[in-house]
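Welcome, and take a moment to look over the model below.

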Amino acid sequence: MQNKDAAARPMYGLVFASSVGTIIEWYDFFLYGSLAIFFAKLFYPPQDGVAGTLISVATFATGFAVRPLGSLIFGHMGDRFGRKVTFLATLLIMGCSTAAIGFLPTYATAGYLAPVLLISLRIVQGLALGGEYGGAATYVAEHAPPHERGKWASYIQAMASGGFVLSLAMVLGLRLGLGEQSFAAWGWRLPFLVSIVLVGVSFRIRMRLHESPVFLDMQKNKQLSASPIRDAFTIPGNARRIVSFLFGVACAQAITFYTAQFYALYFLQSVMHVDFLSATLAVALGAVCGLPFFIVFGALSDRIGRKRLSLCGMAAAVVLYLPMFMLLRSAVHGTTIDFLPVAGTVFLLVVIAAMIYGPYGAFIVESFPPAVRYTSISIPYHIGNGIFGGFLPLIGLSLVNLTGNVFAGLLYPIAVCIIGFLVTLFFVPETLPVGGDRKRQVASLSALIPESGQEI
């Protein structure tokens, strides 16, 4: 037992160093999402409230739309020059662009220049985030023992949710502490400016990390790809795996994650007109309670497989989304809510997302060969999250606005989960053999390396 604990200690330190940067980068990116409804009045023409809200949500989506481009840029860097140097670069770029938002002029003082500058910085944020997940997930998974890869890699997924919770907590604390008038006048800048300190601390921690042993081994043996983007699509079978994973697991992961957190928040605020404090507290509580399940399901995937859990999460979303959002509506009374039913519903939404996202890190890392792994991971993840997930609030709220039906926005996530389920079921192979004793599972995993690209 002591030997096992001693062996785990380096992984805890490594995961902490990787995760603390991930949580800060997601905090930076999600700050705008936490304030998108508020920013509609601050950065856009005030004449049409509905149009301003939709444009502000579209600005939120803009940061997601450029993430696939960021995945190509930083995926190339990660496979060509190293995992560590790349996710150090993304951290600095994200931190600087986030802090710059805190210095922006508003529409009242700068007119249309204000939204142009805001959108420009959201684009820079999206590019930086396009390189973060691939680096952190690859780095942790390449250090983890095969029989615990799901558990250790799941911390990266949990920290994405942690960044969302931290952004909500920061905004909520300042709005309550400063009062609405002061927060609207200048207090909204503080969460963005605090990012400078957080990124500085995180950068120092990450600087102490060593490069991935897999990358060092490839570098030593001169096996690095000279053109990772090209090779990711020309290595036999790899392009098929990228496309299958994109329209299977990646899209469903993105949709369930953003439904559980952002769409639930926007549904309460914009569709049901719940006051900010009640909606934010309920969503934050549900998200916090659901956060450990990313790790629970990541560890469970080491025993029962990645694919099985992912399919269960997709099926649960298809069957339960409508009744769960009906429960949310039934808990709304004017601008107030029954707090616990709303928080409990958000918790269940997060648990559904965690069933797919918890095993995701190990699942996607094991699906691609080391020489193009950073690039191959980043492409489906950031197209799935950047396009399919990032546009969920905009598409959902637009459907509600067009039809007048408060549940119309759920058509989109349910349809994506149906497609994801079918693609994953028929075209995405399981990466972890199940059944038998643990030693035989690990041995069989190694034996599958030439066929499935699981060479870790």
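Helices here are DSSP runs of H or I with at least four residues, strands are runs of E with at least two, and both are numbered from the N terminus. Tyr258 and Phe262 are both buried, a word used for a relative accessible area under 20%, while over 50% is exposed and in between is partly exposed (1.4 Å probe, protein chains only).

Before going on, a word about the model. It is a predicted one, in which local features need pLDDT of at least 70 and side-chain atom pairs count only at pLDDT 80 or more, while totals for chains, interfaces and linings use all residues. Residues are numbered from 1 along each chain as its sequence is written, and side-chain values use heavy atoms, with hydrogens and water left out.

How many aromatic pairs does a search of the whole structure find? The search gives 26. Rings of Phe, Tyr and Trp (its six-membered ring) pair if their centres lie within 6.5 Å; planes under 30 degrees apart are stacked, over 60 edge-to-face, and the rest tilted. Tyr258 and Phe262 make a stacked pair, with 6.2 Å from centre to centre and 25 degrees between the planes. Phe267 and Phe407 are also stacked, because their ring centres are 6.4 Å apart and their planes meet at 20 degrees. This second pair links distant parts of the chain, 140 residues apart: Phe267 belongs to helix H12, and Phe407 to the loop between helix H19 (392-403) and helix H20 (411-427). Phe267 has 0% relative accessibility and so counts as buried; Phe407 is buried too, at 14%. Tyr258 and Phe262 also belong to one aromatic cluster, whose members include Phe245, Phe294 and Tyr381.

Now for the wider view. The protein chain holds 22 helices and 2 strands. Its radius of gyration is 21 Å, close to the 23 Å that the globule rule gives for 456 residues, so the chain is as compact as a globular protein of that length. That radius is taken over C-alpha atoms, and the rule is 2.2 Å times the number of residues to the power 0.38. The C-alpha atoms fill a box of roughly 60 × 45 × 40 Å along the principal axes. Of the 456 residues, 59% count as buried.
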